[in-house]
Amino acid sequence: EIEVTSDMLRGVAGITIGLRSGEVVSYRDMINCMIIGSANDCAQVLAFTVCGGLEQTVALMNDKAQELGMYDTHYKNITGLHDPDMVTTLSDVVTLTKYAVAQYKYYEIATSYKYEMDSTERSGTRKIYTRNYFVTSYYSSKYYRSDVSGINVGSTDEAGFCAVITAEHDGTAYLVIIMGAGQDSDWTYSYVS
């Protein structure tokens with residue numbers, strides 16, 4: 001169990017599940033909500049609990065990137081939110097994805113379309129849905145595809161719409177990575193095939 005503190009939540013931005021200081025949560029809940037729901041508050045709670053803080057976690061992320069041969073990647077935060085000094089490349093994202101899907105349980109979690117977090121003393125039950133519109137119709141049915149299984153999507157104004165997608169079609173497995181896609185009133189182009 002982890003007791004959430006105000007330090008853990010300080011400065012959290014982007015997508016959250018609304019964690020509150022004093023709430024007692026589990027590692028399992030934080031991992032699932034972070035991976036499935038892109039919950040930045042859960043990522044920060046884990047960063048403080050496992051590594052002692054955000055800076056320490058970013059340092060470990062950069063060490064791991066170097067270890068994996070991701071020489072054109074430099075992390076500045078744990079959330080993927082914009083920082084002018086944070087960079088990566090398509091090749092490095094492929095390397096990271098191959099590593100991540102080989103890890104125990106990661107792929108199982110990353111291909112889940114929802115997670116239900118039990119109630120805590122500070123909050124009721126939370127239903128967390130993936131933001132990958134390919135694998136759920138919770139937010140929109142416009143892009144749903146039954147042959148897509150995961151993994152993650154995200155966007156910032158600076159990076160555009162990005163997606164790391166796994167799919168199987170006619171017995172062949174695919175990994176598709178989209179970076180820098182645009183959006184107009186009709187389409188989010190990271191979802192258009």
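The structure is a predicted model, in which local features need pLDDT of at least 70 and side-chain atom pairs count only at pLDDT 80 or more, while totals for chains, interfaces and linings use all residues. Residues are numbered from 1 along each chain as its sequence is written, and side-chain values use heavy atoms, with hydrogens and water left out.

The protein contains 6 helices and 7 strands, where helices (H or I, at least four residues) and strands (E, at least two) are DSSP runs numbered from the N terminus. Read from the N terminus, these elements follow the order β-α-β-α-α-α-α-α-β-β-β-β-β. With a radius of gyration of 17 Å, close to the 16 Å that the globule rule gives for 193 residues, the protein is as compact as a globular protein of that length; the radius is taken over C-alpha atoms, and the rule is 2.2 Å times the number of residues to the power 0.38. The C-alpha trace spans about 45 × 40 × 35 Å along its principal axes.

Of the 193 residues, 37% are buried, a class defined by under 20% relative accessible area, as against over 50% for exposed and in between for partly exposed (1.4 Å probe, protein chains only).

Glu-168 lies in strand β6, which covers residues 160-169, and it counts as exposed because its relative accessibility is 51%. When residues up to four places away in sequence are not counted, Glu-168 touches Asp-147 and Ala-173, contact meaning heavy atoms within 4.5 Å. Between Glu-168 and Ser-123, the separation is 45 residues in sequence and 38 Å in space, C-alpha to C-alpha.
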